[in-house]
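The following exercises concern the contact between two chains in a predicted model. Work through each task before reading its solution.

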Amino acid sequence: MTDRHPGFSTLAVHAGAQPDPTTGARATPIYQTTSFVFNDADHAASLFGLQAFGNIYTRIGNPTNAVLEERVAALEGGTAALAVASGHAAQVVVFQQLLMPGDEIIAARKLYGGSINQFTHAFKSFGWNVAWADSDDIASFERAVTPHTKAIFIESIANPSGSITDIEAIAAVARKAGVPLIVDNTLATPYLIRPIDHGADIVVHSLTKFLGGHGNSLGGIIVDAGTFDWSKDNKYPMLSEPRPEYHGIKLQETFGNFAFAIACRVLGLRDLGPALSPFNAFMILTGIETLPLRMQKHCENAKAVAEFLAGHPKVAAVNYAGLASDRYNNLARKYAPKGAGAVFTFSLKDGYDAGVNLVSNLKLFSHLANVGDTRSLVIHPASTTHSQLDDAAKVKSGAAPDVVRLSIGIEDKEDLIADLEQALTA
Amino acid sequence: MNHDAYDDNYIRAILNSVKSIAMVGASPVNVRPSYFAFKYLAQRGYDMIPVNPGHVGKSLLGKPFVASLGDIDRPIDMIDIFRNSSHIMPVVDEALKLSPLPKVIWMQLGARDDAAAEKAEAAGIQVVMNRCPKIEYGRLSSEISWMGVNSRTLSSKRAPIPTQGMRLSLNRMSVGGGETAASDRAAKNKSELS
């Protein structure tokens with residue numbers, strides 16, 4: 001008998017979870033505890049020495065969080081995952097395993113503004129440098145490779161522009177350069193795009209967005225594809241060299257194709273500390289159970305709203321890859337055939353002031369700095385999420401001054417369109 | 001036999017059926033992967049035999065080292081080879097001289113020798129390459145899920161109580177001063193069953 005491979009929706013409900021051994025509780029319990037008792041001194045020593053699997057302290061691992069980790073790893077097709085306090089924490093933990101002072105990453109210019117800030121300013125204080133490249137010009141990634149390059153970082157669907165990235169083309173550049181490709185898959189979720197299937201070595205998420213999906217809990221996650229050989233040269237000593245913290249263990253040698261996830265846990269999370277609350281893990285897990293249903297509705301609504309806006313006389317342009325006329329439509333058909341996501345931008349003929357008026361006239365859309373909520377959301381990136389960039393960088397990141405970003409929720413699409421119509425004509 | 005991907009049922013059947021495991025290349029150094037795997041498998045009830053000519057006279061977790069497979073005084077169900085790919089063939093040749101033959105030859109994570117595998121399989125021996133029995137045991141028992149690893153298994157049945165983990169026990173402090181006979185009886189029955 002060969003193994004059956006469960007479908008995505010089955011994994012979204014079941015992966016990682018099992019009725020509780022002691023109580024039989026069917027929903028995943030919230031293990032709201034800091035610490036876990038050892039069986040005896042040898043068990044304690046085995047756990048601390050990474051010889052045994054098990055729980056020690058919630059800053060290193062927690063059974064509720066572990067269910068979330070296995071579930072997202074299963075949905076992404078990875079070997080293992082590590083949940084952390086936020087998407088930003090996920091990025092810091094990932095790069096701490098890969099970079100030493102003086103090392104570089106290449107990052108796509110079209111990124112979430114918070115990531116641009118983190119890479120540009122916070123990482124500078126660690127001595128980590130970033131070279132920017134243009135996702136629409138694959139050769140710009142190749143040109144940016146230097147002997148110090150340690151990773152390439154892109155978003156599958158870029159925030160705020162909603163543009164689709166050619167993951168396979170950039171994965172080829174990463175392979176040639178001998179560095180891992182890291183994909184932030186927040187806006188697509190594995191329901192729409194599974195970057196590992198297209199050559200990604202590491203996937204990161206802000207779980208706060210569509211995966212959690214209800215705008216109630218922060219979280220982040222790192223998924224190890226298990227595809228990268230960390231020991232083929234001396235570029236990644238955290239994984240290939242004996243670790244003094246663990247009496248000389250070599251992580252890849254010991255943990256094989258999930259060594260990166262283990263490194264993130266036992267070197268990153270343990271020492272940097274951005275642990276996810278088990279309560280948040282529970283909320284996000286509950287959200288993930290309905291991910292396929294919600295993403296279908298998000299995408300259906302987004303397409304209807306984008307089509308409405310594209311036909312509106314006051315609208316100058318709509319950037320939604322799900323529209324046949326969009327420059328990213330071919331990439332959307334290839335990478336996200338089930339839908340092009342629910343975050344996109346548009347601009348108004350009357351420019352910046354009209355955008356500000358629109359935001360204040362909307363009655364159903366909420367004006368706030370988040371995406372991927374059940375509720376429809378609106379923001380003006382140039383004055384908020386991307387406000388720290390100069391005007392040229394704003395344009396390059398897809399957040400020009402006249403651009404408004406929408407995150408379409410799962411309400412009735414007729415009500416969303418009616419709200420936009422009244423706000424545009426008010 | 002496809003050695004690029006194994007069905008879970010193939011691995012599960014091997015780990016469920018073998019009892020004695022000779023580990024070739026077992027190390028007494030407690031940060032080496034072979035030490036981790038040896039200890040883990042011993043704790044799960046396998047009869048472990050460390051094979052390493054460099055450590056004869058010493059023992060690993062109470063089990064005396066032997067120099068070679070031929071020095072083992074009892075039938076071996078499985079040989080777990082902790083050597084790199086270039087050292088596999090001589091071990092397989094040695095294994096094929098044993099009587100009775102081992103049922104399984106397992107090559108550790110990173111180790112693969114297709115010619116050696118073919119030779120062993122021709123003699124009716126099951127082969128696993130480039131896998132770790134500790135990781136596979138942990139994955140299929142879902143114990144490894146505590147580390148966020150994708151076990152690639154699903155179950156709607158109550159998870160087993162972890163081995164050597166939480167058990168109902170009589171050594172509880174009675175704080176209310178009330179009768180504990182019923183719960184003590186339940187706990188006693190439970191521990192007798194397990």
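**Exercise 1.** Determine how many residue pairs are in polar contact across the interface of chain A and chain B, and which elements of chain A take part in that interface.

*Solution.* Step 1: the rule finds 14 residue pairs in polar contact across the interface of chain A and chain B, both residues being at pLDDT 80 or more. Step 2: the elements giving two or more residues to the side of chain A that touches chain B include helix 1 (8-14), helix 2 (41-48) and strand 1 (80-84) of chain A. Step 3: helix 3 of chain A gives the most to this side, with five residues. Step 4: the residues of this side divide into 20 nonpolar, 19 polar and eight charged.

**Exercise 2.** State how many salt bridges the rule finds across the interface of chain A and chain B, and describe one of them.

*Solution.* Step 1: the rule finds two salt bridges across this interface. Step 2: in a salt bridge, the side chain of A:Asp42 meets that of B:Lys39 at 3.2 Å, N to O. Step 3: this pair qualifies because the cut-off from nitrogen to carboxyl oxygen is 4 Å.

**Exercise 3.** Describe the extent of the interface between chain A and chain B.

*Solution.* Step 1: 47 residues of chain A are in contact with 40 residues of chain B. Step 2: the area buried between the two chains is about 3,500 Å², of which carbon and sulfur atoms give 56%. Step 3: in chain A, A:Gln51, A:Phe53 and A:Glu70 lose the most area to chain B, together 23% of what that side buries.

Notes:
Residues numbered from 1 in each chain as written. Chains lettered and ligands numbered in written order. Predicted model: local features only at pLDDT ≥ 70, side-chain atom pairs only at ≥ 80, totals over all residues. Heavy atoms only, no water. Contact = heavy atoms within 4.5 Å. Buried area = accessible area lost by both parts, 1.4 Å probe. Polar contact = N/O pair within 3.5 Å; in protein donor to acceptor, adjacent residues only side chain to side chain. Helix = DSSP H or I, 4+ residues; strand = E, 2+ residues; numbered from the N terminus. Nonpolar A, V, L, I, M, F, W, Y, C, P; charged D, E, K, R; others polar.
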